[in-house]
Amino acid sequence: MRRNDEPPRDISMLPTVDVVLFNPAHEHAECNKPMKRSFVTSGFFSLALMLAASFVQAEEKPNIVFILADDLGYGDLGCYGHPYSKTPNINSLAKDGIRFTRFYATGVTCQPSRVGFMTSRHPCSFERRVGEYGFDGRPTITELLNKNGYATGHFGKWHIGPAAGGKKASDLHPPADSYGIDEIEVLSSLKDRTKGRDDNTFEASINFIERHKHEPFYVNVWAHISHFSIPSDTVFAEKFSNLQVDESLFGSYMKANKFDICRNEWGRSVNDCMKNYLADVWSLDAAVGRLLNKLDQLGLSENTIVVFASDQGPARNTLNTLKANQVGDTTRANMMGWTKGLRGGKHEMYEGGPRVPFIVRWPGKVPAGAVNNTSILSGFDFLPTVCRLTGTPYDTSMVEGYDVADIWLGGDRIPERFLFWKKQYPTALHGDWKYHVNRREGDELYHLATDPNETMNVIDTKPKQAATMLKVIAAWDESLPMLSAKSAPQQANVVTGSTEARKSIEGKRRPKKKQDSKGKAEETSDALYPWRNVTGSLQQNWFELHDGLKNSQYIFEVEKKGTVAFVGGSITGMPWRKKVMENLKRRFPATEFNFILAGVGSTGTMYGAFRLDRDVIQKGKVDLLFEEAAVNDVSIGRTAEQSIHGMEGIIRHARQANPDMDVVMMHFACTEKIEDYENGKTPEVIESFDTVAAHYGVPTLDITKEVYDRIERGEFTWKDDIKGVHPSPFGQQLYADSIERLLDEAWSGKPRPVAAHAMPEKLDPASYSEGKLFAPRIAKKRNGFAVEADYDAAAEGGKVRTGWNERPQLVGYNPGDSFDLPFIGSAVAVQVIAGPQAGIIEHSVDGSDWVEQDLFVEKNSFKLHLNRIYILREGLDADVPHTLSVRISEKRNALSKGNNCRIVYFGLNGDHRTPKGVDVDGIYFDGSNGTGPEK
């Protein structure tokens with residue numbers, strides 16, 4: 001422990017209250033029992049209340065400002081050693097307070113870390129997922145302080161519980177539970193390039209402080225910086241315009257995991273990417289400075305405890321192959337967060353993941369300029385420590401952290417305990433020893449005192465230390481509660497003792513015995529496909545049959561002739577579909593099948609509702625429809641309401657065409673949805689589609705949940721096995737086998753005669769159940785717009801996808817170009833092709849106010865002529881004529897090189913006309929390389 005020219009402060013008389021987290025000195029029998037808190041007696045609780053109150057008696061209650069950055073690396077601040085970062089205001093916090101070098105977040109993703117700060121509870125200690133149920137009645141720091149007379153506020157990022165109805169909390173959907181917070185504003189990142197992304201969060205926090213300056217207050221100031229995506233064109237980047245990065249200052253790990261990827265994968269300059277990252281961090285620092293200045297102006301600094309931390313380490317800059325909405329988005333290269341040489345980062349439990357910057361300032365109480373290199377602290381400690389310093393009563397039996405007020409105030413003791421993290425497997429830290437359970441590649445043990453970057457696995461040379469730690473890890477793992485049946489699968493492994501625990505934790509994937517199944521796909525090694533024919537505790541399905549598929553079973557088995565359609569995006573055109581087709585032929589060898597492929601790449605459910613008529617219904621009676629709930633619905637950013645409009649449009653339109661039609665709805669996997677499950681929440685798009693499925697009795701298959709659960713079990717990984725949103729052959733087989741298990745159960749038993757499915761009332765009157773596509777030539781009063789049969793996209797620049805550009809397009813080039821579209825119906829949409837010169841249009845219906853629609857897709861249009869459908873107006877009176885007026889705006893997206901508008905189809909919902917010139921020759925993708933769509 002060192003301080004700048006200040007003698008050690010005598011804090012020996014400060015009483016301390018520690019709560020046992022998990023003590024390795026317990027007897028073996030105790031270690032192998034579920035962790036309980038009953039040892040904390042009411043007398044001990046009373047002592048905690050007395051000591052907490054004694055610290056602030058006769059003193060004014062201190063205010064608390066908790067600034068939490070997002071994905072900020074351990075080494076990203078100037079005061080933590082970054083050679084180029086400009087963070088003078090955060091540096092001043094460290095200069096005026098204490099900076100900790102061994103502070104650990106309670107998770108390595110956003111929600112688990114925030115759970116620890118708010119509740120002093122391990123994220124795995126909740127019986128139900130926080131994302132779905134919130135904190136389930138556990139007391140939070142805000143609730144406790146609020147009961148103690150504090151005004152409480154929260155501004156910025158949320159990510160600690162759902163909104164009403166299980167939706168994701170946002171600026172549009174307030175949280176379902178306030179957790180004792182008086183004022184909550186869930187704020188998104190700003191897109192204004194002249195301001196920092198978190199300007200709104202800090203301004204709202206400052207406003208809260210001003211309004212509550214005469215009473216004790218607590219405020220969460222939860223920033224988005226430096227979470228993806230980091231802009232490349234803010235005014236803050238000018239401060240680093242002359243940056244020349246000396247890569248040798250950052251170490252080999254940064255070079256291999258950031259710099260080389262920036263150059264080789266993205267083709268970007270390390271100088272430019274570092275400039276953009278540091279600009280983002282500098283904008284955060286500037287906002288911190290404004291808040292600190294406001295405290296000074298209001299005379300509150302002396303009695304305000306300011307805490308600064310990050311929720312976990314920095315994210316990687318190489319996720320482009322995993323997320324459809326990040327493919328080609330070069331801002332991913334800007335993720336230059338630095339762990340100061342520590343291995344790992346966000347999502348990883350190596351030191352670079354959970355070890356984060358942590359600074360506390362309280363003038364006159366916390367020694368100025370102190371640096372604590374000794375004490376190992378955790379986000380668990382935040383609640384009990386703040387309660388102690390504010391004189392706030394709390395039940396020690398409800399927390400897992402320690403009261404470390406003496407350490408915040410300058411002490412340097414090392415709390416005796418284990419710290420645990422768990423994602424796929426558990427990891428534990430005890431002093432300088434770090435143990436990682438790793439079933440795939442073997443367990444790892446590191447001695448951080450001699451190897452802080454975790455480069456030398458000493459598990460073979462330190463067997464006694466390894467055995468001791470594994471014993472404690474196994475006991476802790478057993479103590480965790482089982483998640484509720486609604487939220488989680490059956491547990492793959494139950495730890496029953498140190499010997500069995502080691503077998504369980506270290507166990508490798510074993511081949512499963514193959515069993516015969518009617519229609520089973522070709523023989524393949526179960527060692528390669530570990531989910532096949534799983535029995536025992538791992539046996540599980542991820543589908544809901546609802547009204548089942550008995551109509552199609554009867555048609556295929558008895559009538560021996562049937563049509564099967566596959567509708568969706570590019571994934572529908574991939575090998576899983578052919579495997580399902582082969583399976584159907586094996587199940588019903590005497591049946592004559594007609595298969596319809598209607599997979600259109602880069603599109604989502606919204607477009608499917610309008611093209612279903614052209615691509616499926618016009619082709620005749622369909623008996624079984626496989627509907628891909630496309631991953632594009634996530635990447636395009638559809639709202640829950642839009643998702644319901646699109647999916648209900650498909651299901652209802654299909655059943656109107658053939659009431660006997662069976663439908664299977666499939667939720668395919670992408671990392672955004674997997675991250676939702678990882679954070680304890682059912683993805684909003686899946687909830688929306690499941691609402692439609694339940695309403696119409698449609699069977700659903702949640703392959704996203706299956707992939708997530710099986711990755712958590714350690715059966716495979718996304719990166720090595722699934723590999724991307726367009727799955728590898730491994731993933732294709734998993735998809736096919738999942739569908740096969742659904743069909744096995746749906747078609748078990750004897751067939752029964754065909755019966756029409758019920759047609760309930762619409763979930764939403766605005767759903768697109770009468771959607772159709774119309775040729776662009778139906779536009780009238782064209783001024784500057786003309787139909788072009790073969791647009792020269794190559795001259796515009798960017799890649800051209802086969803099938804789209806060859807179609808006739810209604811094209812306008814210049815501001816002021818316009819047209820009208822007379823129609824009858826409740827909704828009108830345009831299907832556009834948006835390349836590097838896509839502009840902004842303005843539209844009006846029946847003389848209403850003009851509304852802007854930017855056609856340029858920032859993540860794709862600069863390099864690709866991308867198709868997108870935009871609903872311009874909906875909820876119109878479907879029984880009267882309307883006129884859509886469109887004109888090209890003088891404005892343009894900052895990234896666009898032009899103003900053009902290229903319409904390949906109009907979408908109308910409820911128009912009685914039969915489309916002319918829009919035949920059943922859709923644009924389909926049938927391939928496996930993910931480059932479609934192609935005819």
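This is a predicted model: local features need pLDDT of at least 70, side-chain atom pairs count only at pLDDT 80 or more; totals for chains, interfaces and linings use all residues.
Biologist: How do α15 and α23 pack, at what angle and how far apart are the axes?

Modeller: The angle is about 35°, and the axes are 8 Å apart. Helix α15 covers residues 575-587, while α23 covers residues 729-746.

Biologist: Is that crossing left-handed or right-handed?

Modeller: The crossing of α15 and α23 is right-handed.

Biologist: Which residues of α15 and α23 meet there?

Modeller: From α15 there are Pro575, Trp576, Lys579, Val580, Asn583, Leu584 and Arg587. On the α23 side they meet Gln732, Gln733, Tyr735, Ala736, Ile739, Glu740, Leu743 and Asp744. Sorted by class, the contact of α15 with α23 has eight nonpolar, three polar and four charged residues.

Biologist: New topic. How many cavities of 30 Å³ or more turn up in the whole structure?

Modeller: The search finds six cavities of that size. The largest cavity holds about 100 Å³ of space.

Biologist: What lines the largest cavity?

Modeller: Its lining includes Tyr253, Met254, Asn257 and Lys258. Also among the lining residues are Pro314, Ala315, Arg316, Trp338 and Thr339, along with Gly337, Gly344 and Gly345. By class, the lining of the largest cavity divides into five nonpolar, five polar and two charged residues.

Biologist: And where is Leu172?

Modeller: Leu172 is in the loop between β3 (151-156) and β4 (183-186).

Biologist: Is Leu172 buried or exposed?

Modeller: Leu172 counts as exposed because its relative accessible area is 68%, and the cut-off for exposed is over 50%.

Biologist: How far is Leu172 from Leu187?

Modeller: C-alpha to C-alpha, Leu172 and Leu187 are 9.3 Å apart in space, and they are 15 residues apart in sequence.

Definitions and conventions: Residues are numbered from 1 along each chain as its sequence is written. Side-chain values use heavy atoms; hydrogens and water are left out. Axes are lines fitted to C-alpha atoms, for helices over the stretch in contact, and angles run from 0 to 180 degrees between N-to-C directions. Helices (H or I, at least four residues) and strands (E, at least two) are DSSP runs, numbered from the N terminus. A crossing is left-handed if the near helix is turned anticlockwise from the far one by less than a right angle, and right-handed if clockwise. Contact means heavy atoms within 4.5 Å. Ala, Val, Leu, Ile, Met, Phe, Trp, Tyr, Cys and Pro count as nonpolar, Asp, Glu, Lys and Arg as charged, and the others, Gly among them, as polar. On a 1 Å grid over the protein atoms alone, a cavity is a set of points where a 1.4 Å probe fits but cannot get out, and a pocket is an open set with protein on both sides within 12 Å along at least five of seven lines; lining residues have an atom within 4 Å of a point. Grid points are joined across faces, edges and corners, and a volume is the space filled by probe spheres set on the points. Buried means under 20% relative accessible area, exposed over 50%, partly exposed in between (1.4 Å probe, protein chains only).
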